[in-house]
Amino acid sequence: MNDMKGFFFPRTATGQSSLIPSPPWYYSGDLLTVEYRTDPARVAELLPAPLELAPEDPGAVALIWADWQSCSGTREELLDPVRSQYKEAFVVVRCSFEGVTYSRCVYIWVDKDFAIARGMHQGYPKKLGSMWQTRPHPFSHAAPQVAPGGVFGATLAAGDRRLAQAVLTLTEESPTNGFVNAHPMAHHRVYPGIEKGSPDAYAELIASGSSSFEAGPAFTGDVELELFESPTEELHRLEVQEIIGGYYRQVGVVWDGGRTLATLTGQAQAGVR
């Protein structure tokens, strides 16, 4: 029998068809972040056992648009841009596990299959969507600058329906890019059982974060955010009760694995399903 190769499916004799290469994965991107407060009970609905609400500001939410370029250690994807460029929008809350506060991505949309595959490995609940955000450029003929006065728009749609839109006007530098997405991530990696009605065949609570991080200056400003209802999405349930702030920052990130917090079985798996 052939010795199958490839980090992810499809595994073949050569491994050339694998949807994603093995880590580490490298990212460079522009992040537009809107932080706001919602009803903590709506956040709690999205925290399966054994996670609990964060003790401080439990209703805080971050909706983040990201325009990424990514690659493996060979950097070969950068010369074939269809394999390296993608966009995403993701929703982050905070949670607590054994007295430690974590960030957690509860919704996320991307526009490439390789990004979905990476999410399956990392525990991100990725779905296909359509994300757009204004790109900065040094020349202002048709672009804003990452500086006071820069105005950026962002939209998110999925299933032919708009889910969110934001407009951010930068006013000044900020010491941070927000606080909701500032912790290691706590995610569930789940694989459903094959027999009808069976429990999950695999369920694991993991923690992960960047192994290396660089960032340019963070800017904050005035921001407007609207969420819209959809028959197939639930983002609107995290309704905006109070805007905390809007931020823009360019970052570089390396991801190279995580660690297991808990392997879930029996009753604990019910919270994952």
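The model is predicted, and every value quoted here was computed from it.

Strand β12 covers residues 218–227 and is mostly covered, with 7 of its 10 residues buried. Strand β9, which spans residues 161–174, runs antiparallel to β12 and is joined to it by 10 bridges; within this pairing, A166 has L225 of β12 as its bridge partner. Strand β12 also pairs with strand β13, residues 242–263, again in the antiparallel sense, over 3 bridges. In that pairing G221 stands opposite G246 of β13, and F219 stands opposite Y248 of β13.

With β1 it pairs in the antiparallel sense over 13 bridges, and here E35 stands opposite G245 of β13. Strand β11, made up of residues 202–215, is joined to β13 by 10 bridges and runs antiparallel to it, with S208 having G258 of β13 as its bridge partner. The table below gathers the antiparallel pairings of β13.

Is I243 buried, partly exposed or exposed? I243 has a relative accessible area of 34%, and it therefore counts as partly exposed. Leaving aside residues up to four places away in sequence, I243 touches V34, E35, Y36, V223 and L225. I243 and V34 are 209 residues apart in sequence, yet their C-alpha atoms are 7.9 Å apart in space.

**Nonpolar cores**

In soluble globular proteins, nonpolar side chains tend to be buried together. In this model the largest nonpolar core has 42 residues, and those with the most contacts inside it are L32, W65, V91, W109, L156, L225 and L235. Among these, L235 touches V91, Y107, W109, L156, L163, A164 and L227, when residues up to four places away in sequence are not counted. Another core, of 25 residues, lies apart from the largest one, and its members include W25, V92, V110 and M185.

**Aromatic pairs and charges over rings**

The whole structure holds 7 aromatic pairs. In one of them, the ring centres of F7 and W25 lie 6.1 Å apart and the ring planes meet at 85°, so this pair is edge-to-face. The pair links distant parts of the chain, since F7 belongs to the segment before β1 (25–37) whereas W25 is in strand β1, 18 residues apart. The two residues can also be described by their accessibility: F7 has a relative accessible area of 27% and is partly exposed, while W25, at 0% relative accessibility, counts as buried. Together with W255, F7 and W25 form one aromatic cluster.

W25 also has a charged group over its ring, for the charged end of R118 sits there at 5.7 Å from the ring centre. Elsewhere, K126 lies over the face of Y124, and its distance from that ring centre is 5.7 Å.

**Cysteines**

How many disulfides does the model contain? The count comes to 0 disulfides. A disulfide is a covalent bond between the sulfur atoms of two cysteines. For C105, the closest cysteine sulfur is that of C95, and because the two sulfurs are 11 Å apart they are too far from each other for a bond. C105 counts as buried, at 3% relative accessibility, and C71 likewise counts as buried, at 7% relative accessibility.

**Helix α2**

Helix α2 spans residues 113–122, and its buried residues are F114, A115, A117, R118, G119 and Q122. An α-helix has 3.6 residues a turn, so residues three or four places apart point the same way. R118, listed among the buried residues of α2, is also the residue whose charged end sits over the ring of W25. After the helix comes G123, whose phi is positive, near 90°.

Conventions. Residues numbered from 1 in each chain as written. Predicted model: local features only at pLDDT ≥ 70, side-chain atom pairs only at ≥ 80, totals over all residues. Heavy atoms only, no water. Buried < 20%, exposed > 50% of the residue type's maximum accessible area, 1.4 Å probe, protein only. Helix = DSSP H or I, 4+ residues; strand = E, 2+ residues; numbered from the N terminus. Pairing = 2+ DSSP bridges. Contact = heavy atoms within 4.5 Å. Disulfide = S-S within 2.5 Å. Phe/Tyr/Trp six-rings, centres within 6.5 Å; stacked < 30°, edge-to-face > 60°. Lys NZ or Arg CZ within 6 Å of the ring centre and 35° of its normal. Core = buried A, V, L, I, M, F, W, Y, C linked by side-chain atoms within 4.5 Å.
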